[in-house]
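Colleague: I would like to learn how to read a model of this kind, beginning with the whole chain and then turning to single residues. Could you take me through it?

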Amino acid sequence: MAKISPLMIAPPLIFAGFALLAAVGMFRDDPEALPSARKGQPAPPVVLTELPNKVSFDDATLRGDGVKLVNYWASWCAPCRVEHPNLEVLAEEGLPIYGVNYKDETANAMSFLTELGDPYARVGADLEGRMALDWGVYGVPETYLIDDSGTILLRIAGPVTQRIIDETLRPAIEAATAQ
């Protein structure tokens, strides 16, 4: 009987392992969603620099009445421009949105808000990105739904689109307010 070399078994085993990982990834609920280690945990500390003529926010603000959004954005971020009209609609509906300007020049941030409008109840700047690191931000835009106790209920990586509002955000808000 012929002896089988271990080197002949390795390629099929490697392929089987890769196929298994690919199958697991393809059949997740949302294969494009990035995991959030912060979901269900208290929001990390808020450490912001004030923007000119804007009111900033702090930890106590996030532990106030009702649900609210914390939105990380930047003037240099093209998807932030895409989501901006949707944030304005949510703000007009009465959902408080707290803005965190991420690693941006102050003048550029102010021009962005002047040009597109300011949907934020309060807004501050994270000039060095340290607060974003604590929050687990991968990149901008990124938005967090926070409950009245300051707990992170939901994380939206990428722009807040109408589809995300209808399919993800509104159901999460309804669930949070029904409790």
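Modeller: Let us begin with burial, where buried means under 20% relative accessible area, exposed over 50% and partly exposed in between, with a 1.4 Å probe and protein chains only; in this protein, buried residues make up 39% of the 179 residues. This is a predicted model, in which local features need pLDDT of at least 70 and side-chain atom pairs count only at pLDDT 80 or more, while totals for chains, interfaces and linings use all residues. Residues are numbered from 1 along each chain as its sequence is written, and side-chain values use heavy atoms, with hydrogens and water left out.

Colleague: How many helices and strands does the protein have, and in what pattern along the sequence?

Modeller: Helices (H or I, at least four residues) and strands (E, at least two) are DSSP runs numbered from the N terminus. Here there are 6 helices and 6 strands, and along the sequence they follow the pattern α-β-α-β-α-β-α-β-α-β-β-α.

Colleague: What is the radius of gyration of the protein, and what would a compact globule of 179 residues have?

Modeller: The radius is taken over C-alpha atoms, and the globule rule is 2.2 Å times the number of residues to the power 0.38. That rule puts a compact globule of 179 residues near 16 Å, whereas the protein has 21 Å; along the principal axes, its C-alpha atoms fill a box of roughly 85 × 40 × 30 Å.

Colleague: Turning to one residue, where does Asn101 lie, and is Asn101 buried or exposed?

Modeller: Asn101 belongs to strand β3, which covers residues 97-102, and Asn101 counts as buried because its relative accessibility is 0%. Its side chain makes a polar contact with the side chain of Asp104 at 3.1 Å, a polar contact being a pair of N or O atoms within 3.5 Å, where within protein one must be able to donate a hydrogen and the other to accept it, and residues adjacent in sequence count only if both atoms are side-chain atoms. Contact in general means heavy atoms within 4.5 Å, and beyond the neighbours within four places in sequence, the contacts of Asn101 include Leu51, Trp73, Ala109 and Asp126.

Colleague: Which residues is Met110 in contact with, leaving aside its neighbours within four places in sequence?

Modeller: Those residues are Leu51, Pro52 and Lys54. Met110 sits in helix α4, residues 106-116, and counts as buried because its relative accessibility is 18%. The C-alpha atoms of Met110 and Leu51 are separated by 7.8 Å, although the two are 59 residues apart along the chain.
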